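Here's a quick tour of one structure for you. Take a look at it first, and then we'll go through a helix pair and a sheet.

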Amino acid sequence: MQITKLEHGVFAVRFDTQAEACQAFKRVQEFYENPVLKGQSGITKDKVDTWWKGHHDGTESYDEHWGGFNIPGDVLRDFLSKHEDLDDLERSVFTTGLSGAQEVAYLVAGFGAIGSHEWTSLLSHELAHAMYCVVPSYRSMMESLVALLPKDLRNAMNTELLAMGYDEFVLNDEIQAYLATGADSGLLAAMKKACPGLSFHGKTQSWKLTKTKPRKNTACALSTTKIETCESKRERIKLLIVLNTFQSSYLHFLDAGESANTARATG
Ligand SMILES: [Zn+2]
């Protein structure tokens, strides 16, 4: 395990394995954003696993599904004050590694070797959450962009995120984090249903929207309307600008933080 202090009081914890990351963070993560368990004292790993099994029909366990974690510092301190029964792994992170979390403005965690795709993609998604919480100008930029998304697309993303297990109060935060750093497969599929022709190009890290032929003789009036909406050139251009601005804004704010770090280190 490795703990790094970043800009704005953000700390990043890297684990070698997904199982270790989940075992260290599942209680505090669900204390933060679980629809049923949030804010409660007496959260155990068994309670989290039982909730997960009751709400997800897939074969994946909690520890196989989740790899990245994010918690505001005040929520972490609240969790620690209500949970004195930390196990050895939790103690090594929160008590020994972070000295009781007094300096933590925001905590992110993930797993993978340094420089690996797993670690860099998890870290970039979790850093989007950290900036949303601790950098007010980033948050207001992202909130404006979320408000500009077409209603159909936003509704489709909200529905999928709720099905993935996120609580309502983090929906906008998750939308900005996924659009800024790349949507995962389930969310991408939901987006494509609302907006046919939408795709994400990993190589150029940009969104594309190819023209789709309006379906004739369709029995579903609703889907025809959606396709026609995406067929409008004006709407397509507007949507592409909004989607790609999520990423460019994220990179801009990230670079600004890194420049500040460099200036501090050399100045
Ligand atoms: Zn997230």
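How do the axes of helix α8 and helix α10 cross, and within what distance do they come? They come within 9 Å and cross at roughly 150°. Keep in mind that this is a predicted model: local features need pLDDT of at least 70, side-chain atom pairs count only at pLDDT 80 or more, and totals for chains, interfaces and linings use all residues. Residues are numbered from 1 along each chain as its sequence is written.

**The helix pair**

- Helix α8 covers residues 151–163 and helix α10 covers residues 185–194; helices here are DSSP runs (H or I, at least four residues), and strands are E runs of at least two, numbered from the N terminus.
- Axes are lines fitted to C-alpha atoms, for helices over the stretch in contact, with angles from 0 to 180 degrees between N-to-C directions.
- α8 and α10 are therefore roughly antiparallel (angles over 145 degrees count as that).
- On the α8 side, the contact includes Leu153, Ala156 and Met157, and on the α10 side it includes Leu187, Ala190 and Met191 (C-beta atoms, placed from the backbone, lie within 7 Å).

**The sheet**

- Four strands make an open, mixed sheet in the order β1-β2-β4-β3; strands pair if DSSP finds at least two bridges between them.
- β1 (2–5) and β3 (69–72) are the edge strands, each pairing on one side only.
- Neighbouring strands are turned by 15° against each other on average, direction ignored.
- β1 and β2 (residues 10–15) run antiparallel, joined by four bridges.
- Lysine 5 has phenylalanine 11 in β2 as its bridge partner.

Note on methods: Parallel < 35°, antiparallel > 145°, perpendicular 65-115°, else oblique. Contact = placed C-beta atoms within 7 Å.
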